[in-house]
Amino acid sequence: MEKTIIFTKMHGAGNDFVMLNGIAQAIDPTPDFIRYIADRRFGIGADQVLLVECPETAEADFKYRIFNCDGEEVEQCGNGARCFAVFVREQGLTTKREILVETKKALIRPRVEEDGRVTVDMGHPMFEHAVLPFDPSDLETDREGAADCFTLNFDGEAVVFSVVSMGNPHAVIRVDNVDTAPVTSVGPLVEHSSVFPARVNVGFLEVVNEHEGRIRVWERGAGETLACGTGACAAAVVGIQRGYFNKEVTLHARGGVLTIKWEGMVDPEARVYLTGPVQTVFQGTITLPEGICHD
């Protein structure tokens, strides 16, 4: 039987999302349903589909579920979290400027600023290999500043990277110029490397100066996106650890500008804060064709 659902299309620095209010309507996010919604030819089109649900923990305001366009549910999305904070206000679900949101692995605090941008407390970066997960046992290891660096070899080409989890796993590679970086070739090779059992997001970081950088990200299950909030946080954290940046850095993604602050070099308990723009693009309804599993 056909079913019609209501959606909102939003983006954060070009990283685009289909937003679904699962409190006001019944949504069963099967992989077929997510893939259809995210398809840019036959569906609505998006890097990720984001679903609002009632929280399972008493202290949270909402539960926030994130699905890549391939249908896989993932742990975290910084740009999505910023859109989420605006979406729940636009939907009349809250009047709060700061909310506590339950994700797959953590609680996060998005806050809508007076200028319309949104800041998200992304929590603590995590470096434990078991958390990512990551197995470097057969890799060459070096160190730059406070960061471990690892080397993968693909057909004789060495790829040097550092790892960090922002609630989802990231490998960060420094490049001289992101415009010529091998994002679409090296990105999927690192993503699917056996050293990352759950795959990994791959960031390509160009350092401009101690306050500024440029970034491209190959996202696990989505390919290259115009911006990636957790990818920007991961690149900033690694850049600060390696000594490239001070505690606050502006990163230019292809879709917009993101600001990240982390004082981890002076405070081991420091949290990562991500600030950037949010844009509501349009609202609408979509009728699912027969054969698309939904509920």
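How far is the sulfur of Cys77 from the closest cysteine sulfur? I looked it up: 6.5 Å, to the one in Cys228, which is too far for a bond.

**Before going on.** I'm in a predicted model, where local features need pLDDT of at least 70 and side-chain atom pairs pLDDT 80 or more, while totals for chains, interfaces and linings use all residues. Residues count from 1 along each chain as its sequence is written, and side-chain values use heavy atoms, leaving out hydrogens and water.

**Cysteines.** With a disulfide taken as two cysteine sulfur atoms within 2.5 Å, I get zero disulfides. Cys69 is in none either; its nearest cysteine sulfur, in Cys77, is 12 Å away. I noted Cys77 as buried at 5% relative accessibility and Cys69 as partly exposed at 24%. (Buried is under 20% relative accessible area, exposed over 50%, partly exposed in between, with a 1.4 Å probe on protein chains only.)

**Helix H3.** I found H3 at residues 183-191, with Val183, Val186, Gly187, Val190 and Glu191 buried. They sit on the same side of H3, because they cover an arc of only 135° around the axis, going by directions from the axis to the C-beta atoms. They pack against strands E10, E11, E12, E13, E14 and E15. (Helices, H or I, are DSSP runs of at least four residues, strands, E, of at least two, numbered from the N terminus.)

**Thr225.** This one lies in strand E15, residues 223-225, and is buried at 5%. Beyond neighbours within four places in sequence, I see Thr225 in contact with Asn15, Asp47, Val217 and Glu219; contact means heavy atoms within 4.5 Å.
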